[in-house]
Amino acid sequence: MKALFLSLLSLLIIPQFFENNPQNSAFFHENEGYLTLEVKEDSTYKVTGLSDLTLNEYRIYHEYDDNVIVSEIADNIFSSVDHNIVLLISNGITNFTSGAFSNNITQINYTGSEAEWISHNILTSIPVYYYQCDEGFINYWNTNIRPTAEFDVCSIGKDGFMTLKAMYDALGAKDKTYVDAYKDKADTKIGETMNYLSKYFEDNKENSNGANSFLSQDVTLGLIVSIAIFGMTTISIFYLLKKRNIIS
């Protein structure tokens, strides 16, 4: 009965929250149901185990759309999985240790920065990748691309855009759909801004190539004229020398 009440309550609260706070909606993820959770005294949750041991990837986000806030990961929760897996950890989760990672984890996708990860003092030989997947891309966007509503996204430059595009192209289909629909601090969808930036930097590239082509034509024409003048001058000198019998 309590679970039913909470479900009905979330149906009333969450849509209203999304409507009033569109820029925050991407940090609420659908609960896939494979995490075993234990409520803590502060009403946040601790991941204590897995209900499905067959997956190749496990994601532990900080916030879910059923009012679940995860703040802690217990040790050894992946030791029961008998195959290699990839693990995503939200940068919003602050309470976990090296004991949470077993040898079958081949890659950790962290949604925050390298500095944030280092702050946890985790000792592990598992490769860690930063600003990963949907939440990671959005964190990178909010930090480096549109930190404020007034920030000029074009000021990131061509190199900055190429880094961003590589991250965007690496997103899976589901993550990209999630990212595209996210409204940033300017209340603009990331997908729309990515399309704009692609056209902006592509147009600048074409204009740059056009300018280089025009410059090359000018240089070529100048060389032709210079050669022609030099040739005519040489012929005139030889003609005068021959006319005065200086040369035969």
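Start by selecting Glu72 and Lys46, whose side chains meet in a salt bridge at 3.6 Å, N to O. A salt bridge here is a side-chain nitrogen of Lys or Arg within 4 Å of a carboxyl oxygen of Asp or Glu. Glu72 belongs to strand E4 (residues 70-73) and Lys46 to strand E2 (residues 45-50), so the pair ties together parts that are 26 residues apart in sequence. Helices (H or I, at least four residues) and strands (E, at least two) are DSSP runs, numbered from the N terminus. Glu72 is buried at 15% relative accessible area, whereas Lys46 is partly exposed at 23%. Buried means under 20% relative accessible area, exposed over 50%, and partly exposed in between (1.4 Å probe, protein chains only).

A word on what you are looking at: this is a predicted model, in which local features need pLDDT of at least 70 and side-chain atom pairs count only at pLDDT 80 or more, while totals for chains, interfaces and linings use all residues. Residues are numbered from 1 along each chain as its sequence is written, and side-chain values use heavy atoms, with hydrogens and water left out.

How many salt bridges does a search of the whole structure find? It finds seven. For another one, select Asp184 and Arg146, where the closest N and O atoms are 3.0 Å apart. This pair links distant parts of the chain, 38 residues apart: Asp184 is in the loop between helix H5 (173-181) and helix H6 (190-243), and Arg146 is in the loop between helix H3 (133-145) and helix H4 (157-169). Are these two buried or exposed? Both Asp184 and Arg146 are buried.

Now move to helix H4, where Asp169 and Lys165 lie four residues apart, about one turn of the helix. Their salt bridge has its closest N and O atoms at 2.9 Å. Asp169 is partly exposed at 43% relative accessibility, and Lys165 is partly exposed at 30%.

Next, select Glu57, Arg59, Asp134 and Asp175 together: salt bridges link these four in a network.

**Aromatic rings**

The structure holds 13 aromatic pairs. Rings of Phe, Tyr and Trp (its six-membered ring) pair if their centres lie within 6.5 Å; planes under 30 degrees apart count as stacked, over 60 as edge-to-face and the rest as tilted. Select Phe101 and Trp117, a tilted pair with 6.3 Å centre to centre and 35° between the planes. Phe101 sits in the loop between strand E5 (85-89) and strand E6 (105-110) and Trp117 in helix H2 (residues 114-118), so the pair ties together parts that are 16 residues apart in sequence. Phe101 is buried at 11%, and Trp117 is buried at 5%.

Then look at Lys176, which lies over the face of Tyr168 at 4.7 Å from the ring centre. The cut-off for a charge over a ring is NZ of Lys or CZ of Arg within 6 Å of the ring centre and within 35 degrees of the ring normal.

**Last stop: His62**

Select His62, in the loop between strand E3 (57-60) and E4. A polar atom of its side chain lies 2.6 Å from the backbone oxygen of Val70. The His62 side chain also reaches the backbone oxygen of Gly92, at 3.4 Å. Which residues does His62 touch (heavy atoms within 4.5 Å), not counting residues up to four places away in sequence? They are Val68, Ile69, Val70, Ser90, Gly92 and Ile93.

Conventions: A polar contact is a pair of N or O atoms within 3.5 Å; within protein, one must be able to donate a hydrogen and the other to accept it, and residues adjacent in sequence count only if both atoms are side-chain atoms. Contact means heavy atoms within 4.5 Å.
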